[in-house]
Each structure stands twice: as C-alpha cells, then as structure tokens.
Amino acid sequence: MVDRTTLGEQVGDVFKEVKIEELMTLDEIYNIKNPDDKEIDRETKIHIATVQGMVRRVLYNESETVPAVSDYDLIVIDEAHRGYILDKEIGDDEQLYRNQSDYVSKYRAVAEYFDAVKIALTATPALHTVQIFGKPVYEYSYRDAVGEGFLVDHDAPHIIETKLNTEGIVYKPGEIVVMYDPFTGEITNSDELEDEIGFDVEHFNRQVITENFNRTTLAEIADNLNPEGDGKTLIFAVDDNHADLIVKILKEIYEPMGISNDAVMKITGSIGGGNQKKVQEAINRFKNEKFPNIVVTVDLLTTGIDVPEITSLVFMRRVKSRILFEQMLGRATRLCSAISKTHFEIYDAVGVYESLAPVNTMKPVVQNAAATFEDLLSGLDATETDGQIKNLIDMIAAKVQRRKRNLSPPAFEHFIDVSGGINPEQFAEKISGMNPAEAKNFIFENAGLFEILAQGGVYGSRAVVISIHEDEPVRHSRGYGNGRTPQDYLDEFNAFITDNMNTIAALNVVCTRPQELTRETLKSLKLELDRNRFTEQQLNTAWRELKNEDIAADIISYIRRCALGAELVSREERVKRAADKLRKNHNFNKMQLEWLSRIEKAVVAETVIDREIFDAGAFKSQGGFARTDKIFAGKLDDYIRELNEYLYEDGGATA
C-alpha cells in the first residue's frame, strides 16, 4: 500500500525486474494486481494499491461488493510517515480529505480495517506513525547504512550567500511595490509605502518573486554542475511557478554552451494538466534516460522516488519539517556503481540547515517541559541532602524516559555508544536503583548523554510581491561544521585527535595497533567523530580545497597523520603498496596471484580487513572464506594479518 500511483508503479517495475527463483520474476510467479486494478479476485496473490484507492473502496464504496476484512493476510505500508502534511501534488485524490487530521484519520481507518499482519516501513517516522502502527520493532540509521556501505554520505554542503539572501529585500517608505495576483494573473502597483517592509530568504519566491536572486544563485551553482555528465541533479522549488522560473533561467545559462534543451526539465504534478500517465512518463525519463539530467520539482519527487544517479541536491526553498528535509536528502543517498558514485553534493541557497536545527516531529507533549536537563543538572550539582538529591534524580529519570521517545535512530545509537552499551530506558532504571550519592556521581560522569537527549537527533493565496532588487554573489563556502574554511576544519580535527588520544580507546588502537582494529571498534570511532561533525568525505574535500591534491584517504590515514605525522596517501595507494609487499615476500602461484588481485580490489572499499570480506559480495558467490582459504593452502588468516601490518607502514612516529 502506497500513497501515490507513481510509487505503486515503481514497486510493480521492481517486481518485473528482480528474479526470485529459477530465473523467474515475482510477477511471473504470482498473479499481481496493480493500482489501476480496482478489484481483486481469488487468484490474486499480491495487490499493489494506493491509500486513496483503499479509502474509496472501504469508506466510500457505493457498489454491492465491499472488501472483506479478511481479504489480505499481510499488508506492507510503504512510506508510513505519510500524512504529516497534505501533499500539494496528490491531484484529484486530494478532494477526499478536508485537512491534515482528516487525512491521518482516513489513513488510519483503512490500515485498521483489514484483519491482517501490518508491516509499516519508513525512513522518517512521525508521531502519528507511532500512534497508528506502534513503536518501531527494528531501526537502522542512515549513519549505520553509510558506515556499512549501503548508502552514500553527503559532502560538506555548499553554502551560497548573495547580497539579497543575507541582507533581505527591503522596501523603503515612499517606494511603490509591484504586486502579482496568482489567481487572476494581474500585475498592479501599490500606493506609496508609508512604512518600511522587508522579506528575508524564507519568503523568497513565496511572498516575493525575486528573479535576480534566483539568477545570481543559479549562475553560481550552474558552474558546479555538468548537464551532460553522468550524475543527475534534483532542485527543490517553492511552487510550480517558481519551478518554471528556475527551468527558464537554467536553460538561458546553458544555451550558449550548446547544452540540449532536454537536459533541464520540470517534473511536478502539473505536467500534462495533471495527467498521471504523463507525470509517470516524465519520472521514467529522469530515471532511465540520459536527459533530463537536471530536474526541478516541488513535492512530487521528495519521497519514495528512486533515481540512483542523483549526485546533487539544490535547495531553493525553505522547509520546516525534519521529516520532509530528511526525505529530500534521501533522494541522493542511493548507491550507483554504474557511475562510480561515492557521495552526493548539497547546494543550500536558503539556509535550510540553520532553519531546521530545533525541529523534531516525534516530540511528545509533556508536563513541565520548561525544566531542561541543564536546569536539573545545575540543581543536582548544588544540592547536598539525600532527600533533595533523590527527588532531582527521580525527575531526571522521568525526563530521560520521556525524551527517549524523541530520539531519532542515529541519536539513539549515539546514546548507546556514549553510555557504554545501555539505552535510555536502562540508564533511567540504573540511576533510579542507585543510592543518591552513587547516582549523582554516575550522572555527572555521563553528562554528555543529556546533550544527545536534549537535541533528540541530528540534525499562499494572497498577492505576491515582485522584486527587481539587484543581487550579487557574496560567498560560496562549504559547511565545515564550526569551521568556516577548509583550514579551520582540518585544524579542528587535528585538535580533536590530539586532545582525545588518551581518552578515546579506539584512537589509541588506530595509532598503536591498527592491525587489531575491529569493525565494532571502527564503528564506535566513526560515531564519535560523527558526533563532532568529522566525516571521511568532508576531510577529503577540505584537504583537496586547501592543498589542491585529490587524495581519497580513509579516516584511519587522517587520524595517523594528525597523531603520528604519518604520510597521507589514498586508500588505493595504501592497499597497492601492502599487496605488492605481500607478493614480494611470498612465492605465490599463478592462481593465488589472480585471487590476490581480486582481494586487493575488494580491500580498497574496506577499512577493516578480516574474514567478513570473503563471506560477502563476489567472494561469497565463489565459496566465501572457506574456498579462498583452500586456494591459499590454509594460510589465508596469516596473509590477512600480514597484509594488515603492511597497510600501516606509513612513516608515522611510534605512538
């Protein structure tokens, strides 16, 4: 069950492509009904349906045949966060719902109508998702998926600053404002202004049409895009008219370069007058064909659409929902080996990162919400009597229990990592069971946990003003956390490594016994660095911008360079040197040499070399570790250990 026909057709396409057994696809094995099929029959094994279609069948059915509650055994609800906001591009189906609460109500009524097992899937659960389907039974964070190689990370975002988006658009008293009525299309002049009025970037293209801002910003971004290259770009506009303006400007920018007119396209629900078939054809072109390479959308492509070739996202609109923002980012996280995709770029022209800092849709309604963890910890620090300490500890434990529901999956994982392996509920139970003095000491020893809990996670029908205010670029920078420049970012990283060498156990392992590094240790280290806004991709970008050297080094290399003065080389070069040394030190036969070349290629994509490499990917299909070990006469473990030692002969001082 999906909430858009386009998502249903995407599911159907996968069922036609993926071979399940004996080279047969799912639709060749079972009788499958698609969203266009209004009825099911006895032979139907799988039914792809939309929420809107189910609402009509269950709640508005005027025929004699009404779906039975027992029609389905299993219902899989995709994008189960939907309903947090009415989608402006649902089209004719929108008339089924009066407002957002009515949408959620009908969504829930359909989900609960059938006596079936329900599995709800979403990357961004909202409050009503939990209310309808219960608490998540399995969570897998974006950081986990990136760390384990199932999704790609984004680089430091490009922050585009212009005169207008930093200073705003200001009309002085006495000026005449040009007004546009979106209903009549009429353009009129206002009377002379009696007071000054201003618009900040949040209102650009929504309350004030400013072509100069769009042209200045897009000219800056266009220099970084290649409309004829492999990677595709998705641009998020405010509304349909704004999308048209962006397409017009981009075509004018690229036309003198001889770029095809088909390279840039708008894909919104208005295509073909709202014709769903035309909309789907446009999406299929974006997904499967060379052009369009740059697509401008509003809400239609924010969720569920899978185009792995997307390597750049451009934000020309502010969004206030964490869910919507994370769904937008999700459009570019897919792996794509066909174009050797390693990461994706973000171009932020409207300050969307800053605007979303405090937003979290899972935030529960609680009593005494004004009492922050900072307040409670300050009170605990100043309190000495056991009775008062116990009272504050009870308050802290209760607040931890409440706030645990507000944690995003990445924040939850960070909590467990920082706490040494216990979750928020276990932490609350632990401090409640201690005597007051022990609990007080334990709480202050783990003060960093409360910052995670407090943050909760990572990250118009009226007339519109037409602005002709001139604009110009001010700065095109990268969002390197607290540092504004690549040098700042690298200096901060260097200071962090130096300051924490003796406090973070994994750092000590990297510098003294790197060959003993395990996947779990590395994962914990990457989470710690991630909490401090240091990622492998951004370190490489900062190094490239500062040194003009394109080195794809791994996080271990950067740590050893900071701590030991080791040589910074790319992962590929490091692996090649180690493999060459292994070859020189042993008399491998031809077959073993060929397998060693395969191992070398596999190791480039890994940071930790162990048995697991051979029980996944291409090695798994060729017999895994057991078969490979036979090829190397039972000495594969020894060769792995030796290769790990050679990997870190990088000239670093002895730690």
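This is a short tour of a predicted model, stop by stop, with what to select and what you will find there.

Before you click anything, note that residues are numbered from 1 along each chain as its sequence is written, and that side-chain values use heavy atoms, with hydrogens and water left out. Because the model is predicted, local features need pLDDT of at least 70 and side-chain atom pairs count only at pLDDT 80 or more, while totals for chains, interfaces and linings use all residues.

**Stop 1: His47**

Select His47, which sits in strand β4, residues 46-47. Helices (H or I, at least four residues) and strands (E, at least two) are DSSP runs, numbered from the N terminus. Is His47 buried or exposed? His47 has 16% relative accessibility, so it counts as buried. The scale used here is relative accessible area: buried is under 20%, exposed is over 50%, and partly exposed is in between (1.4 Å probe, protein chains only).

Contact here means heavy atoms within 4.5 Å.

**Stop 2**

Most residues other than glycine have a negative phi, and most peptide bonds are trans. Go to Glu79, which is not a glycine but has a positive phi of about 50°. You will find Glu79 in the loop between β5 (74-77) and α4 (100-113), and at 11% relative accessibility Glu79 counts as buried.

Then jump to Ser340, not a glycine either, with a positive phi of about 50°. Ser340 is in the loop between α11 and β18 (343-348), and at 58% relative accessibility Ser340 counts as exposed.

For a cis peptide bond, select Phe291 and Pro292: the bond from one to the other has omega near 5°. Pro292 belongs to the loop between α10 (276-288) and β16 (294-297).

**Stop 3: the largest core**

Which residues have the most contacts inside the largest nonpolar core? Pick Tyr254, Ile267, Leu301, Leu313 and Phe315; the core itself has 58 residues. A nonpolar core is a set of buried Ala, Val, Leu, Ile, Met, Phe, Trp, Tyr and Cys residues joined through side-chain atoms within 4.5 Å. Helix α9 (residues 240-254) supplies the largest share of this core, 8 residues.

Zoom in on Leu313 and leave aside its neighbours within four places in sequence: its contacts include Leu234, Phe236, Met328, Phe344 and Tyr347. Apart from this core lies another, of 52 residues, with Ile497, Ala506, Val509 and Leu522 among them.

Among the buried ones are Ile323, Phe325, Met328 and Gly330.

**Stop 4: α21 and what surrounds it**

Show helix α21 (residues 519-531) with helix α23 (residues 555-564): their axes come within 12 Å and cross at roughly 70°. So α21 is roughly perpendicular to α23, a label for angles of 65 to 115 degrees. Axes are lines fitted to C-alpha atoms, for helices over the stretch in contact, and angles run from 0 to 180 degrees between N-to-C directions.

On the α21 side, pick Leu522, Leu525, Lys526 and Leu529, which meet Ile555, Ile556 and Ile559 in α23. This contact has 6 nonpolar residues, no polar and 1 charged. In that count, Ala, Val, Leu, Ile, Met, Phe, Trp, Tyr, Cys and Pro are nonpolar, Asp, Glu, Lys and Arg are charged, and the others, Gly among them, are polar.

Also in α21 is Arg531, partly exposed at 23% relative accessibility. Arg531 touches His414, Asp417, Val418 and Ile452, not counting residues up to four places away in sequence.

Step on to Thr535, in the loop between α21 and α22 (536-547). Thr535 is buried, with a relative accessible area of 9%. Its C-alpha atom is separated by 9.6 Å from that of Asp554, 19 residues apart along the chain.

**Last stop: α27 and α28**

Finish with helix α27 (residues 624-631) and helix α28 (residues 636-647), which pack at an angle of about 90° with axes 9 Å apart. They are therefore roughly perpendicular to each other. Select Phe625, Thr628 and Asp629 in α27 to see them meet Leu636, Asp637 and Ile640 in α28.

Technical notes. Parallel < 35°, antiparallel > 145°, perpendicular 65-115°, else oblique.
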